[in-house]
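Shall we see which values stand behind the words?

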Amino acid sequence: MKQMLKTSVIGSYPIYIDTLELVNDYFSERLSSWTKYIEQAVHDMTAAGIKYVSDGQTRDPFIQLFTRKLGGCRIRDRTEIIGHVEYHDPITLQDQKYTRQLLPRTTRLVGILTGPYTLTKSSVDLFYHDEKELCFDFAAALRNEAILLQKHVDLISIDEPFFSNELPEYAKELIGIITNGLSCSTRLHVCGDVSQIIPHLVEMPVEILSHEFKASPHLFESFREYSCLRKICVGAVRSDDVHVESVEEIVTHIKKAIAIFGENVVQIAPDCGQRLLPRETAFHKLKNLAIAGEIINGG
Ligand SMILES: [Zn+2]
């Protein structure tokens, strides 16, 4: 059986932010410095040999990145909900378009959306006082963004880390609002220990499920009886540990995944976004991941 794994990133990438330059740009109303940070992230990902890259989510942390541009949201220490959540303008589109024109022709682009449940759980609700209603308004707003993104990216990945803490009974409906009828591929990333919610995850209306199999290797066994149901993006290097996994270690891990999921292993990636790692470390992890992927594909 020939495996055709694609290497991917999950979300954020560590870059060096020059705060003084940002402040100067702010007061001179220049917007240019953000492109420099996207370039740093994209440079590292492509130089490491990753096939599905992102813009690195360099502009803002993954909650504020979305809530800063949505109506009804106010940024304080955390996002506060002070009115109806409404979509006014594109959120990540400009960064995706910029990223796209930096990429070699064979490199694919992942557009990342922070999921509605995670946005809800990370916000202080001063308006709705109804978690479900807030979730569905976030989902409707993200749907607008997804519709715009689908023409510019190859894959839309929805990040819902909070699903591993507590899965709402309307989770499938929520994700479906965003993914229904999209023309590009879709992926749901849920890090943390998902072993208790696997029967629900395999029902999600997305093409690919992405989980942290490196930090939580017991997930292999938990997934075994569901392994034929879904395409999988296997977390193969840790995002919470500065130890750089060797190529051999990663190859062994991927082989373990293939023994369980077979051809359903379509992507390998870090367990989660790499923002908290030193940049050099993040780069070396991606590089070893890419080499391991080539070994598996060629072997
Ligand atoms: Zn994650």
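Q: What makes the radius of gyration of this chain agree with that of a compact globule?
A: This is a predicted model, and its chain has a radius of gyration of 19 Å. A compact globule with 299 residues would come out near 19 Å, so the two agree. Along the principal axes, the C-alpha trace spans about 55 × 45 × 35 Å. The chain holds 11 helices and 11 strands, and buried residues make up 45% of its 299 residues. Of the contacts with a separation of 6 or more, 74% join residues 24 or more positions apart.

Q: Why is Thr99 called buried?
A: The cut-off for buried is 20 or more other C-beta atoms within 10 Å. Thr99 has 26 such neighbours, so Thr99 counts as buried. Thr99 sits in helix 4, residues 93–100. Leaving out residues up to four places away in sequence, Thr99 touches Ile38, Val42, Asp55 and Leu109. Glu131 is another matter: 32 residues along the chain from Thr99, with 34 Å between the two C-alpha atoms.

Q: Gln57 and His129 both sit in loops; how do you know which is buried and which is exposed?
A: Gln57 has 25 other C-beta atoms within 10 Å, so Gln57 is buried. For exposed, the count must be 12 or fewer; His129 has 9 C-beta neighbours inside 10 Å and therefore counts as exposed. The loop of Gln57 runs between strand 2 (52–53) and helix 3 (64–67), while His129 lies in the loop between strand 6 (123–125) and helix 6.

Q: What makes helix 6 and helix 7 roughly parallel or roughly antiparallel?
A: The axes of helix 6 (residues 131–149) and helix 7 (residues 171–179) cross at roughly 25 degrees and come within 7 Å. Angles under 35 degrees count as roughly parallel, so helix 6 is roughly parallel to helix 7. On the helix 6 side, the contact is made by Cys135, Phe136, Ala139, Ala140, Leu142, Arg143 and Ala146; on the helix 7 side, by Leu174, Ile177 and Ile178. By class, this contact has 9 nonpolar, no polar and 1 charged residues. As for handedness, helix 6 passes helix 7 in a right-handed crossing.

Methods: Residues are numbered from 1 along each chain as its sequence is written. This is a predicted model: local features need pLDDT of at least 70, side-chain atom pairs count only at pLDDT 80 or more; totals for chains, interfaces and linings use all residues. Helices (H or I, at least four residues) and strands (E, at least two) are DSSP runs, numbered from the N terminus. Two residues are in contact if their C-beta atoms, placed from the backbone, lie within 7 Å. The radius of gyration is taken over C-alpha atoms; the globule rule is 2.2 Å times the number of residues to the power 0.38. Axes are lines fitted to C-alpha atoms, for helices over the stretch in contact, and angles run from 0 to 180 degrees between N-to-C directions. Angles under 35 degrees count as roughly parallel, over 145 as roughly antiparallel, 65 to 115 as roughly perpendicular and the rest as oblique. A crossing is left-handed if the near helix is turned anticlockwise from the far one by less than a right angle, and right-handed if clockwise. Ala, Val, Leu, Ile, Met, Phe, Trp, Tyr, Cys and Pro count as nonpolar, Asp, Glu, Lys and Arg as charged, and the others, Gly among them, as polar.
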